[in-house]
Each structure stands twice: as structure tokens, then as C-alpha cells.
Amino acid sequence: MPDEGEDEVGGGPKRGPAVYSIAAHRGFADALVAGLIPRYSDPDLGLARLTLLLPSQRAVRIVTEAFVRLSGSGLLLPRMAVVGDLDFDDTLGPLLDPLGAGAAIPPAADPVRRWLRLAAFLRDQQGPDGSSGPALLRRAWDMGQTMDRLMVEGVGLDDLLEDRVVGIIGEQAHHWQNAALEFLTVLARWRAELDGAGEVDAPIRRNLLFDHAARRWQASPPAHPIVAAGVTSASPPLARLLRVVAHMPQGAVILPDLDLAMDEAVWNSLGTAGAPAEPGDPPFASGDAVTHPQYHLKLLLNRMGIGRDEVRPWHRSGIGAAPPARSRTISNLFLPPEASARWIDLPADQRRLSGVRLMRCAHAGEEAQAVAILAREALEVPERRVAIVTPDRKLASRIAAHLGRWDIAADDSAGTPLSQTPAGRLLLLLAQLVAEDVAPVPLIALLGHPLVRAGEGRAAWLELVRAADLALRGPRPGPGLAPIRALAARKGFAEWWQQVEALLEPLFEMPEEAPLATLLDVLTAAAEALCGEALWAQADGRSLSTFVEDLGAAAASAGTELSRADLHVVLRDAMERVSVRPPWGGHPRVAIYGLLEARMSRADLVLCCGLVEGVWPGVPKPDSLLPPAVLRALGVPGADFRIGLSAHDLAAALGAPEVVLSWSDRDDSAPVIPSRFVLRIEALLGEQAASHHEARAVDLARRIDAAPPVHVPYPRPQPDPSPEQRKVAISVTGLDRLRGDPYQFYARDILRLGSPDPLDAEPSPAWRGTIAHDILKAWHDAGQPPGGITFFAERELEKMQAHPLMRSLWRPRIFAALEWIDRETQRLAADGRQVLASEVSGEMTVRGVRIQGRADRIDRLSNGRLGIIDYKTGMPPSGTMVENGYALQLGLIGLIASAGGFEGIEGEAEKFEYWSLGKQKGGDGFGFCSEPVKEGQKKTGIPRDEFLPTTADYLDDAIDRWILGRQPFTARLNPDLGGYNDYDQLMRLDEWIIALGSAGEESRA
């Protein structure tokens, strides 16, 4: 290491370029500042005259915090300029984009307008049979990304049209040729439009500004020092600028974690990296180790024209430096595959990772809890800083939520997609409401959104939203606002719905296809009407405002038109690409970073989470427009290049004093594979790996919510209400419930607890049965006109609360079954059978207990007795169910009829029939009749002359045991009997049913 006064930044004569590397174990930001302060902190404001070129605004924030930590009694900060990280959409700022450059360098085109214009070009290129709407816009976005990727590397349309490139395209598969031709055609049209407007794309303008600054500084070096720190982008224009900075009298380039100790043979084995051996060779060879963490730094040095032997180590360490041996181990860890064979012979001091722990968890929830525990524990130490690094946004949200239990506000600096913020979600709900024609789920979610009617009147508003919620339970109503208007009138919230409808009606007055700018205006007007200024008040609202303004202006300029049904998907896709980052105000010593945000950051404890394949590193996304061979020939890094960047991010994180690497065995849906980086660490450590595993935090994570049992497991419910509470009426269907599962009867008939349908539910058998009964009642009331049942079916189906699709799917089946009922009724009428009543209510009293019910139909038989008919939309109960006393509806109605419980009907019941609208087993059509009477060849059921007495015996038994007696209402008294499950959650079935099954097996044994 050179002496502190010689051959360093700002001091003494320099020999060759001033390029330095800060090793991973030193901590980049703190080590950088620790070296800059003594060089420039002189009485004449030397530090304030220094200009730092940093990669992003995030890096500016990190370096500023480092200056604050190391300032001592205070100082004036240097000027910090951003070279513009494209991943953050950073601008260059006035240093590299001065006002005077505008005359020579064209302005940049609006990227949103470019996206929409590319979609228009694609639509013209593909013709009427091509993709449209969201799919077209997605492809246009991907095309813009490919264009940016090429332009950053300095590749233009002329380069793509060179003979060698066209020849490579011609050798590719047919689909690659078509994709490349489409890309070149659209790119040429876009370039022509830009030339006419006097504009260039943002990456090209960025490159022009870099070249402008390089020429200016080379011709006339600035009087004050300029230091480029932490810049790792290897784009050729930026590399040329960094070369100029490195050769300036008072300039320097400081790289993060360039491995100066790597063997020359290993360095050479990384590949050509933009410097081919022969002039005609491609810049990137097929065998280049692009996934190595040092590859992008080698590419940068090659493009700067600087050898690794010209790079010198930085002379200072950060305040949180790790042991120096760590950097040597990190270098060995990421050796290329061939060189990794030397791990076998590595001495212990070159594979030592003291301070690094490996934490394996069962699932992502356990991992988030364990990470939060480690962070909470570290914050107990004064001034100890914690950084949580993960590319998994869902895992980051979980960790932040777990830290919240200790009132630790850890902001996720990678941000939240705009589509997942309250303001963004509200706009998407409005668009979804339009796309789905006022479906119940988005409607209730919109009206109950936290931003809607926030303030004093919100409680009253929510009461009406709940009323609408209950009214909309069940199958989806018809499309549009009108069906809900009619429903509101019936349910008693018509006045409130009139106000809501006035707010929403403009959305449905829009034409089916309209300019995107117009659609956005109508959408935002409806959002403001619902929320007022609260919509734009917070950080997400301000981000939404910018998003809507930019998209609307670009759409108006580009002339984009869109179907209103596609608006929801298009907005969702666009919002996913916008991150809303939290303002200042989180915990000062803990931060959650994505991989980009974590670069240059430093903490005493770094928790690297989500280390599984597909997450860290992520799955390489190959370019869909240009084949890999073309990209290699053009000198553009392939998709695997990102793996090397993520490996470098991990290598930098491993340089912290204390590091925990965590992963889980499965995600929310399936098992996952540990990251290749984790597997390499375990292989490098060998037998030492067991001593590096973090088990304590995982154990605490498992125990933190597993409180010791303070009572015995929840027993099988056996409520025993008082005699007064037991004296309730029994319905003809309730007796089956009482005998089959007494707890269900207790919850429904004693506690009066209902079980509402979900919103937008699939049509259930009970719902279909209600509609079928309404049709049959209307037909019976009209006197069963022959062939007229279809008329009443059409009328009721038009009135029913269900989506037209559901009606269309069910219509053929129910019509076939109803026509069978029509024919069967007419046939029986010819034999002297007469329909006395349909859908008629009756009751009787047995020992002071009221028995009530509704008969679907009662006929007068030719012998003067009664026939009881129960309509079923599916399969009727079996004879065994009736015989065992679990399907007694027909018998109870017969008892009520025989007792004169139905007004105007007298006589004794003799026939007990189920008329099903379903398909009989082995039959060829819908509709059949069955009778659960044991006679003839039937082996199950109740004999006809014993049907009513047996039913009466079952009724007396139930009354004796539960209504007038004190037998408890035991849950699942007959566990093998299906059909009742409305109250399983209330009875906490899952907590005791397994133990019940085990006890039953033991008793049978």
C-alpha cells in the first residue's frame, strides 16, 4: 500500500491512470469517504471543491450518510453528480447535462410516447389479424427495452443492417428471422419519426452527453478534482468518459470490489470481455464466464483501455470493515468452474468465512420471521446498523410486517409497485369495474376502499356498503348498473345507490373504443368524485398523479385508442413498472433493500434473504426479438450477464462484518432449489459448513408464535342450552339436520346464525332449486297449461339474479327437465290425478312443539288420498337415508297434511315422491321420479303403510332428546353423514375431528 502522501487521489504526481479498487471487506461508501476526507479537508474548502461522480441518486444518499458518520465536527460536502443509472431512471444532472449542451445535442424523446408509438407501428406491421390491446402494448414495451439495451451499448440501426449481422440473422430459425425483421422495420419507422421531430432516444442522448463531457475535459481538464466512485456500468460511452477522468491530473476512478488478488490465469479464463484476440472475432466469445461477479468489471476495464495491473488498492477502510481474509475467501468462492477444482487443496485460511452464517428455513414465512428476529436482536446494540437485502418483494413485505410487531418501521427502499398502493389500486378497481360490467367483487372492493369517503361520513357510508354487500351475495347479477338498481330498490338502499350510480355512470357512457387520454380523464374524474383530494395526498397519490399525467399526455400525442374493456389490464401492466418509494421517516438503523438499492450500502449486519434459484439469481430473460448470436456479434452482453451482476451484489454483501445468508426449502406453492451461490459456499466450506449454520433464530421463529398450551385441546362441541332456549319450531328440513348433526340445528335454529353466500358465487344447488321452484309455482298457479312451462321458465330466467353466461349454460338442462315434468303431470292428470296446491306452507303442533314447512306440491290421487311431491334439482335422497331417519321431509309434510295443517287440504298421504330435474342413472334424458318406499324389488326405504308412523316415531324421538329433553347438541353426531357443513368453522371442526377419528378407530379395534 502506498504511503498516505504519495501517488493517491489529490496528492503528488501520478504515474499512469488513477484507478483504484475498494475490496469488499472494507465497506465501499465508508472506505471511500475515509480516504477522501483527509485529502480534501483543508482550511480553503478543498472538500467542497471536489466533484464526485456516482452511479445513482441512491448512491448519493448512501455516500452522504457516510460523510455524516465520519464528519466529526462537521464539514462542507463535495458536489455529487449522478451519471444516471438506467435501472433507476436517473437523469444526469447539470454537470454532465449543462444548458449549453442543448444546442449541439438533441432533446430526448418521451419514453411513454415512444412506447405507445411503437405499439402503433406494430399494429400496422402485423395487420388486422395481429395481436391487439394489452398483448400488443406488452410487445411494444419489450421492443423498447431491446432498443434501449442496444443503444446503451452504442449499437444503432446502421450496425444492425451491416452485412455480417444480416448474414447471422439469415442463418437463424424462421421465427427469429420474422422477429428480427419486425424489429428492424419498427425501429426504422421510429428513427424516421425522431429525425423529423429533431429528437433522440434517452440512452442515445445520454451517450452523446458522456462523449461531450469526455471531449471537453480532455481538451481542458477542470481546475478542481473529479472522482468517479462506484460506477460499474460498462457501456462504451461511459467507459470512455471514465478513461478521461482516470487520466486527468486531478481525476480518479474508484471501483467497487475489483479482485486484485485473483490469479492472472483465472482472470484470463473469464474470457475476452469485449477485447477479442483477433480483429474479426466477436466482442464476446461463447465461452466467456459472463456469470462471474468480476466479468462486468473486466469488461469495463477493457473498454476503458486499462489493465488490471494498473489498478491500485484503495488506502483506507471503512468503520465497519470485515477481516481482510474475507476478500480472499470471496475470490475463491466465485472461481470459474475449471478453477474451482483447487478448492480441494485450499488451506483453511483461504476458505475461512468467520462472521458468515447460513440459515435454512422450512418455508418463506419462517424465513421472514427468523430474519426479523435477527434484525431485532441486532438493534439492541447501540449504533449497530442492519441491512436486509433481497430481490423477493413478497419476502421483503413479510419481513417488514414481522418487524412491525416490535414497532420497527423498516421501509423497503426498493419500493412498492404503484398497482399495489391504495391510490393505484383504486384506479385499477374503477377500470376493472368497467371491464367486468359492474361485477360484485370489484364493486364492493371499490366502495369499501379506504380512500373512498374518508372522513366524518365514512361510518355511515360503510353501513350502506355492507347492506349492498349482503344484497349482492350469491351468483353474479346481470351486467351493468340497472340490475343493481332494481336490487337496491328491493333491499332498501335505493337512495344511496342513486348517488353511487351518478358517480359511476360516466364510466359506462364511454364508447367501447375511445382515445386512451379520454378514458384516463373519465377514470380520474370518477376517482376524484369518490375520494376527493385524499386520492392525491400521499406519496402513492402523487406518484399516481404523475403517472396519469405522463400517460395521458403521451397517449394524446401518440393518438392511442383502446377498448375500455382492455383499460384495466393495460393500466395494471404499466403501474407494475412504477415503484413508489417511501419518504424519509423509517427506523434510522435498519433498511430493506433490493439488489440495486443495496449497492454501495454498508451495515454491521447484512441479512441476504431469498437465496433460491429463480430469485437470487433470477431467471435470465432472453431477448425475444434478437437471437443470442446477433447480440454477441454486436457486442451486447447476453441474458446471463445479469447473473454475474447478482453474484457481484452478493460478493459485496459478503464483505460486511457479520452476514447471514438465508433461504427456504419451499415457497408458497412448491419446493424450491437453494441458490447456486449457497451451494458453492457449502462446497467451499466443506466440513466447516455445519459450524456456520444459524439454527437459533430458526428455532425462535418456530417458537415465537407457538405459545405453550394453557388448556386442553378444543373439545368436541356439545352445547346444552336451557329448556326455554330449546323450545323452537322444527322445520321439515330442520329435522334432518337435528338428527344428522345437532350442532348445525343449534347454530341455525337456536342461535339464528345465517350462512351468507360469497360474492359472485357459482350457482349452487340451493340457488338452482329456488329458481326451479319459482318456475314451477308460476306454472301451477296458471293451472299447468300443457306446453306452457317453457314460457314461465323464460320469464323467471330473465328475472333471476345471475350472469347471462350462467343462465345460458343452465338453460338447456332445466328446459329438458321441466318439459318432462309437464308431460308427466299431463299423463297423471289423464289417470285422474289432480294438483291441489304448490309451494304451500303448513304447520302442526306435536306435544307443544310447532312443526312447519312448505310443500312443493300436493296432489289428490284417484282414490281420494294425497300424493306428496318434492322437487329436486339434483339426485334425491336414497332409500337408506330415508330409512335411517336422515331425509324425513316427505314424511313430515305427509303428517302435516294428514293433520289438516295445509289450508283447504284434507286426506291422508299415501304417495311420497321425489321429482328430480337431474338425469337418472342409466337414463338418457333429464327428469325422473323416485319413491323411497320399500315395496316390490326395492331393498331400502320404508314400507308404504309404515311411512307416516315411522316418520312420527323419528319426530317424537328428536323432540324427546333435544327439544323437550336435555341431550346436548353434539357436533357431528354422525360424522359419516355428509351434506351439512355451513357451521364447520364455528364448531372448530379441524381442532377435534382428527382426535375423534383416532378414538373411533381405537374403539373399533
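Let me begin with a term: a residue is called buried under 20% relative accessible area, exposed over 50%, and partly exposed in between, with a 1.4 Å probe and protein chains only. The model before you is predicted, so local features need pLDDT of at least 70 and side-chain atom pairs count only at pLDDT 80 or more, while totals for chains, interfaces and linings use all residues. Residues are numbered from 1 along each chain as its sequence is written, and side-chain values use heavy atoms, leaving out hydrogens and water.

A salt bridge here is a side-chain nitrogen of Lys or Arg within 4 Å of a carboxyl oxygen of Asp or Glu. The structure holds 60 of them. One joins Arg149 to Asp623, at 3.7 Å from N to O. These partners are 474 residues apart and link distant parts of the chain: Arg149 belongs to helix α5 (residues 133-152), and Asp623 to the loop between β14 (605-608) and α25 (628-634). Helices (H or I, at least four residues) and strands (E, at least two) are DSSP runs, numbered from the N terminus. Asp623 counts as buried because its relative accessibility is 11%, whereas Arg149, at 24%, counts as partly exposed.

Asp781 and Lys777 are both in α32 (residues 765-781), 4 residues apart, or about one turn, and their side chains meet at 3.3 Å, N to O. Asp781 is exposed at 54%; Lys777 is partly exposed at 32%. Elsewhere, bridges that share partners join Asp30, Arg69, Arg385 and Asp604 into one network.

Next, the interior. A nonpolar core is a set of buried Ala, Val, Leu, Ile, Met, Phe, Trp, Tyr and Cys residues joined through side-chain atoms within 4.5 Å. The largest has 96 residues, and Phe183, Leu430 and Trp497 have the most contacts inside it. Helix α21 (residues 516-531) gives this core its largest share, 10 residues. A second, separate core of 85 residues includes Leu92, Leu209, Leu270 and Ala603.

What does Leu430 touch, leaving aside its neighbours within four places in sequence? With contact meaning heavy atoms within 4.5 Å, its partners are Leu446, Leu504, Leu507, Leu523, Ala526, Ala527 and Leu530.

Finally, a hairpin. Strands β20 (residues 909-919) and β21 (residues 926-930) pair in the antiparallel sense over 4 bridges; pairing requires that DSSP find at least two bridges between two strands. Trp915 has Cys929 in β21 as its bridge partner. Between the strands are 6 residues, and Gly922 in this hairpin takes a positive phi near 85°.
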